[in-house]
Amino acid sequence: GAGAAGLHGAVGTFQTWEAAHCVACVRGKFHAWAVGTACHACAEGKYLPTTGATSADQCLACPLGTANAEPGTSACPSCAPGSYQPSEGATACEECEAGRVSQAGAAECSACELGRFQVAAGRGSCDACATGKYAANVSATSCTPCEAGRYQGGTGQWKCLTCDVGKTSDSGADSCDSCPSTLFRGLFLSVMRAGCLLSLIHISE
């Protein structure tokens with residue numbers, strides 16, 4: 001009868017138990033024979049965006065930057081920010097390592113630029129170094145405090161600046177301070193701190 005299994009229909013369609021006509025296979029599935037009651041799903045790592053497919057060869061490999069772990073789909077989801085996929089036909093995306101990031105649908109991860117860092121894996125963006133710190137290399141996972149006698153008042157910087165003569169700073173400073181001094185026995189003594197010179201200046205009586 002019309003509802004019996006095995007009723008003939010066109011290739012790329014299937015016969016339902018209830019219907020007297022053949023129905024085109026939906027996106028993500030195919031039917032290679034002119035008889036049958038079910039379409040077959042494209043495998044994981046593949047997709048099929050059209051209806052009425054007649055062969056597994058019409059299933060397409062997921063493109064770069066996407067992956068698909070589910071059979072029988074019409075599209076491959078893009079890799080989420082912080083992940084990537086450099087190969088076609090993948091079933092899962094890979095996580096970016098610390099110091100590298102990616103946007104959605106990436107085929108590769110990008111290194112954090114100078115002055116920026118990312119301490120965690122699987123992130124979509126890098127963070128700027130805070131004031132008093134710097135990152136002199138790409139793909140940094142942390143920022144380095146400015147050395148004593150140097151400073152950095154901006155964020156996202158790749159180097160520190162040297163304090164002017166007569167000024168100094170402690171490690172990790174965002175600005176410099178004037179060198180401290182004392183007056184002792186007619187001599188002007190600049191107290192030694194990083195960046196300050198120990199100088200004895202004779203003061204005329």
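Me: Is the disulfide of Cys62 and Cys76 left-handed or right-handed, given the torsion about its S-S bond?
Reply: The torsion is about -70°, in a disulfide (a pair of cysteine sulfur atoms within 2.5 Å). This is a predicted model, where local features need pLDDT of at least 70, side-chain atom pairs count only at pLDDT 80 or more, and totals for chains, interfaces and linings use all residues. Residues are numbered from 1 along each chain as its sequence is written, and side-chain values use heavy atoms, without hydrogens and water. Because the torsion about the S-S bond is about -70°, the disulfide of Cys62 and Cys76 is left-handed.

Me: How many disulfides does a search of the whole structure find?
Reply: One of them joins Cys62 to Cys76, S to S 1.9 Å. Another is formed by Cys25 and Cys39, with sulfur atoms 2.0 Å apart. The number found in the whole structure is nine.

Me: Does Cys93 count as buried or partly exposed?
Reply: Buried means under 20% relative accessible area, exposed over 50%, and partly exposed in between (1.4 Å probe, protein chains only). Cys79, joined to Cys93 by a disulfide, has 1% relative accessibility and so counts as buried. Cys93 has 30%, so Cys93 counts as partly exposed.

Me: Which residue has its backbone nitrogen reached by the side chain of Ser102 at 3.0 Å?
Reply: Ser102 is buried, with a relative accessible area of 4%. Its contacts (heavy atoms within 4.5 Å), not counting residues up to four places away in sequence, include Gly82, Ser83 and Arg123. A polar atom of the Ser102 side chain lies 2.7 Å from the backbone oxygen of Ser83. The backbone nitrogen reached at 3.0 Å belongs to Gly82.

Terms used
Polar contact = N/O pair within 3.5 Å; in protein donor to acceptor, adjacent residues only side chain to side chain.
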